[in-house]
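Work through the exercises below with the sequence and the coordinates open. Each task is followed by a solution in steps.

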Amino acid sequence: MSTHPIDSKQFTQRALASRRVFTSEHPGPPRQFIRRPQVEELLCRSTAWIYGALDLPSPLFDPRMPKQVHLAENGTVVWILDEVLAYMEILIAEGRKGGRK
C-alpha cells in the first residue's frame, strides 16, 4: 500500500498532463529532440531568457516552460519538440488575449 497522498496512477496522469514525465507509451510518432539554438529560434527568445524561465529565483521564471533533458554527463541538454510547440501555443493564446496576468 502506498504512503503517498495520491496513488501512482493518479500521479502518472498528472505528471503526463504537466508534460514533465517522459514515457515509452507516448502515443503517435517518436519524439524529436531539439537543441537550445532551435528553442531560441522557435520562441524568439535569447539563451538568457530561456534559462531564466527555467530558474525559480529568476524574475523570468515560468513554470510552464518545458524543462530540458540532460542526455550526457558532459552537459549535453535537449528539449522535446512537442513540449516546446505546446508551450508556444500557450504563449500565442495569452498574446491574443492581451498577455499574461
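**Exercise 1.** State which elements are included in what covers the buried residues of helix 3, and list the residues of helix 3 that are buried.

Solution. The model is a predicted one. Step 1: helix 3 spans residues 47-54, and its buried residues are Trp49, Ile50, Gly52, Ala53 and Leu54. Step 2: the cover over these buried residues includes helix 2, strand 3 and helix 4.

**Exercise 2.** Describe the packing of helix 2 against helix 4 by angle and distance, then classify the orientation and the residues in contact.

Solution. Step 1: two packed helices are described by the angle between their axes and the distance between the axes. Step 2: for helix 2 (residues 36-43) and helix 4 (residues 81-97), the angle is about 20° and the axes are 10 Å apart. Step 3: angles under 35 degrees count as roughly parallel, so helix 2 is roughly parallel to helix 4. Step 4: the crossing of helix 2 past helix 4 is right-handed. Step 5: helix 2 contributes Val39, Leu42 and Leu43 to the contact, and helix 4 contributes Leu81, Val84, Tyr87, Met88 and Leu91. Step 6: sorted by type, the residues of this contact are 8 nonpolar, no polar and no charged.

**Exercise 3.** Give the strand order of the sheet, identify its edge strands and find the bridge partners of Phe33 and Val69.

Solution. Step 1: the sheet is open and has 3 strands in the order 1-3-2, with antiparallel pairing. Step 2: strand 1 (33-34) and strand 2 (69-70) are the edge strands, as each pairs on one side only. Step 3: strand 1 pairs with strand 3 (residues 77-80) over 2 bridges in the antiparallel sense, and Phe33 stands opposite Ile80 of strand 3. Step 4: strand 2 and strand 3 also run antiparallel and are joined by 2 bridges; here Val69 has Val78 of strand 3 as its bridge partner. Step 5: the hairpin of strand 2 and strand 3 has 6 residues between the strands, and within this hairpin Gly75 has a positive phi near 100°.

**Exercise 4.** Are the residues on the two faces of strand 3 buried or exposed, and at what angle does helix 4 run to strand 3?

Solution. Step 1: in a regular strand the side chains alternate between the two faces of the sheet. Step 2: in strand 3, Val77 and Trp79 lie on one side, with Val78 and Ile80 on the other. Step 3: all of these residues are buried, and both faces of strand 3 are covered. Step 4: helix 4 lies across strand 1 and strand 3, at about 60° to strand 3.

**Exercise 5.** Locate Cys44 and Arg31, and classify the exposure of Cys44 and of Arg31.

Solution. Step 1: Cys44 sits in the loop between helix 2 and helix 3. Step 2: the phi of Cys44 is positive, near 55°, although the residue is not a glycine. Step 3: exposed means over 50% relative accessible area; Cys44 has 68% and is therefore exposed. Step 4: Arg31 belongs to the loop between helix 1 (8-17) and strand 1. Step 5: the relative accessibility of Arg31 is 26%, so Arg31 counts as partly exposed. Step 6: Arg31 and Ile80 are 49 residues apart along the chain, and their C-alpha atoms are separated by 6.6 Å.

How values were computed:
Residues are numbered from 1 along each chain as its sequence is written. This is a predicted model: local features need pLDDT of at least 70, side-chain atom pairs count only at pLDDT 80 or more; totals for chains, interfaces and linings use all residues. Side-chain values use heavy atoms; hydrogens and water are left out. Axes are lines fitted to C-alpha atoms, for helices over the stretch in contact, and angles run from 0 to 180 degrees between N-to-C directions. Helices (H or I, at least four residues) and strands (E, at least two) are DSSP runs, numbered from the N terminus. Angles under 35 degrees count as roughly parallel, over 145 as roughly antiparallel, 65 to 115 as roughly perpendicular and the rest as oblique. A crossing is left-handed if the near helix is turned anticlockwise from the far one by less than a right angle, and right-handed if clockwise. Contact means heavy atoms within 4.5 Å. Ala, Val, Leu, Ile, Met, Phe, Trp, Tyr, Cys and Pro count as nonpolar, Asp, Glu, Lys and Arg as charged, and the others, Gly among them, as polar. Two strands pair if DSSP finds at least two bridges between them. Buried means under 20% relative accessible area, exposed over 50%, partly exposed in between (1.4 Å probe, protein chains only).
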